[in-house]
Number of protein chains: 2
Amino acid sequence: MSVAATQIETHHALVPSIEADFALPSEFPLEAGGVLHGAVLRYSLYGEIDPKRDNVVLVCHALSGSARVHEWWPAIFSAPGLVDPEKEAVLGINILGSCYGSTGPSSINPATGNPYGANFPLVQISDIVRAQALLLDKLQIDRVKLAIGASIGGMQVLEWAIQLPTRLARAIAIGAAPLGAMGLGLNHLQRQAIMLDPGWKNGNYPPDTPPRRGLALARELAVCSYKSNDLFAQRYGRQPDRGGEDPWHDTGPHKGRFDIAGYLDHQGEKFNARFDANSYLAITRMMDLFDPTRGYATSDQAWGRIQARMTLVGISSDWLFPASDVAAIAKQITAAGASCEYRELVSNHGHDAFLAEPQALLEILRA
Amino acid sequence: MSVAATQIETHHALVPSIEADFALPSEFPLEAGGVLHGAVLRYSLYGEIDPKRDNVVLVCHALSGSARVHEWWPAIFSAPGLVDPEKEAVLGINILGSCYGSTGPSSINPATGNPYGANFPLVQISDIVRAQALLLDKLQIDRVKLAIGASIGGMQVLEWAIQLPTRLARAIAIGAAPLGAMGLGLNHLQRQAIMLDPGWKNGNYPPDTPPRRGLALARELAVCSYKSNDLFAQRYGRQPDRGGEDPWHDTGPHKGRFDIAGYLDHQGEKFNARFDANSYLAITRMMDLFDPTRGYATSDQAWGRIQARMTLVGISSDWLFPASDVAAIAKQITAAGASCEYRELVSNHGHDAFLAEPQALLEILRA
């Protein structure tokens, strides 16, 4: 195959064949007690579902992702041995609570005619998965060939594997586990940052004047938790801001950033251009609450339900979802009698390695 | 010696023999270009300085400490082999920029008659040490027997050892090094949190209505950086808040904390009762800027100036000042021809181990 041909095929694979909204039942009850009325799921399909309906790869996205898998994880399409875009159909579904097409806090609440804002009900990963299963029913997909996701995407994969065990042939969850105390604490602080911004207005901010500084601060803290000490040291060290600020000079109150601060502020600004603060609050809460064995008599009983051929991937430098936590789950799944392999992505990129090092990730998944 | 006698002696040792303000020269120029007018240093002296003036132990405090060593590091007084409170005099000096008696942002600016607020000039660790040396001159202490400190206190010790090498016989710096990119980033975010609070008012808040929520958020983030994943997992795990909140129940917008969040919020509140937001801004900046070899042709030239018998202590679980950073400095000092021993405090308490595990710290210092 010539290089040109490869490029054309890749280009072809990166365009969704369908982008649509799927209407959930007019009342969609949530595990925590709330109800969504007239909610929708935005999804993107790449390639064609074959007549047997058994060639679908479900890609679950992380906190700030979307149904448009090609925009945030194009590597999934270029993974010989994992996904064959000629033969397989890739399905991305935006999660409830997000701001990329599915119903979330910035959607209109049919009961009031205004955006839900802070009144968006508490949605959990279990609700996300239950809603996704309804879309799969509609698409007549009984069983996906592979479900794959990282971070909150990995949480969805684990939840799928336990709650709907017959519907996944293979499942890969990367950098995902119930959040530990450090992660719960950092998420709490990120929410405090948003709510501290006077522009938050108890969640009822006008869409054009959102709490930008609060959301930026939340994102910047999250970015610290997604990366590693080591990577930051290597990339930014103690260098002054590349824009020319001088931390050592008395330039007035609290000016003069180091390069890492300039980098973080840039990340905060970029995030404001593409994300909604109330969605951020909603999704960090569902991240906190994820605990797929909760409600079972024993965790063995939950993990033992898994029928998919499961692979868990821990990231060596991940301090938000430590590799040891991921490895411990793999062990529990195996101990409960289900099939689970554990692999470790050795990277100094921290939690973000699933986005930053796609080739290394694909290599260990193919191994 | 009877237990009763020991108790009486300990009690005696914990009461300062002198607490006083030392007036710096009417103009005290700062390295970054500012000048402090009529500044003072608050100090506490425990025990008596002997006629030879050679029995003084200088204790340097960390971010939120004070001259009153007995209030935050009583262990230093009960350290057989390190400090003998019968024979030695312990001197604590509050740093410039603080809010515990020395001149800081909440002090009155003689030029305006109002508190400095955000106009407090940029103070660095080198300024702190130069001011402390003037107090030692006044007290006729040419050379301290021991200078000891952790975190920003350890930064002062390192700065002392390089800048005024003849004035320390022995020096111990714990959990201190120039801050890496992660630490610089987290300090930046803490300052953003304070400045995001509408109550900050560009640093000119009335003393009775300070930016409480911003300072609390800053402190809570700092507390995360002072502790370890492991300790938080052990102490708080995924337990709901001990006050009875239920994270899984839809109790309205963003209520229902986990225990770690309740703990952090409690730390934030406690800190507000005792610390000033502008001091926090000033001291985190001096923490950022600490780099004692800066300005020397080579770092060897700086480290080689040290004459004190030096001990550096790294804390195994410290991710704010990684033990590897501390060990690297010890190596550089030795390589530069000065005397330096490195010891590691094995603890899962993170950076805070110097406060949380005083007995273990004393044991490795005596070893």
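A: Helices (H or I, at least four residues) and strands (E, at least two) are here DSSP runs, numbered from the N terminus. By that rule N114(A) belongs to strand β8 of chain A, which covers residues 114-115. The model is predicted, so local features need pLDDT of at least 70 and side-chain atom pairs pLDDT 80 or more, whereas totals for chains, interfaces and linings use all residues. Residues are numbered from 1 along each chain as its sequence is written, and chains are lettered from A and ligands numbered from 1 in the order in which they are written.

N114(A) is exposed, because 10 other C-beta atoms lie within 10 Å (buried means 20 or more such atoms, exposed 12 or fewer, partly exposed in between, with C-beta atoms placed from the backbone). Leaving aside residues up to four places away in sequence, N114(A) touches I108(A) and N109(A), contact being C-beta atoms within 7 Å. Between N114(A) and A216(A) there are 102 residues in sequence and 25 Å in space, taken from C-alpha to C-alpha.

The account now turns to the contact between the chains. Chain A and chain B each bring 53 residues to it. On the side of chain A that touches chain B, the elements giving two or more residues are α5 (181-196), α6 (212-226), α7 (229-235), α8 and α9 (277-289) of chain A. The greatest share on that side comes from α5(A), with twelve residues.

In chain B, helix α5 comprises residues 181-196. Of its 16 residues, 16 are buried, so α5(B) is largely enclosed by the rest of the structure. Helix α8 of chain A (residues 259-272) meets α5(B), their axes coming within 8 Å and crossing at roughly 55 degrees. This angle makes α8(A) oblique to α5(B) (under 35 degrees is roughly parallel, over 145 roughly antiparallel, 65 to 115 roughly perpendicular, the rest oblique). The residues of α8(A) involved are I260(A), A261(A) and L264(A), which face A181(B), L184(B), G185(B) and H188(B) of α5(B). Five of the residues in this contact are nonpolar, two are polar and none is charged.

A second pair of helices lies within chain B. The axes of α3(B) (residues 125-138) and α4(B) (residues 152-163) come within 9 Å and cross at roughly 70 degrees. These two helices, α3(B) and α4(B), are therefore roughly perpendicular to each other. Their contact joins I125(B), S126(B), I128(B) and V129(B) of α3(B) to M155(B), Q156(B), E159(B), W160(B) and Q163(B) of α4(B). In this contact of α3(B) with α4(B), five residues are nonpolar, three polar and one charged.

Two backbone details complete the account. Most residues other than glycine have a negative phi. S151(A), however, has a positive phi near 60 degrees and is not a glycine. S151(A) sits in the loop between β9 (144-150) and α4 (152-163) of chain A, and it is buried, since 26 other C-beta atoms lie within 10 Å. R53(B), also not a glycine, has a positive phi of about 60 degrees. The loop that holds R53(B) runs between β4 (40-46) and β5 (56-60) of chain B. With 15 other C-beta atoms within 10 Å, R53(B) is partly exposed.

Notes
Contact = placed C-beta atoms within 7 Å. Expected span 1.5 Å × (residues − 1). Axes fitted to C-alpha atoms, helices over the stretch in contact; angles between N-to-C directions. Nonpolar A, V, L, I, M, F, W, Y, C, P; charged D, E, K, R; others polar.
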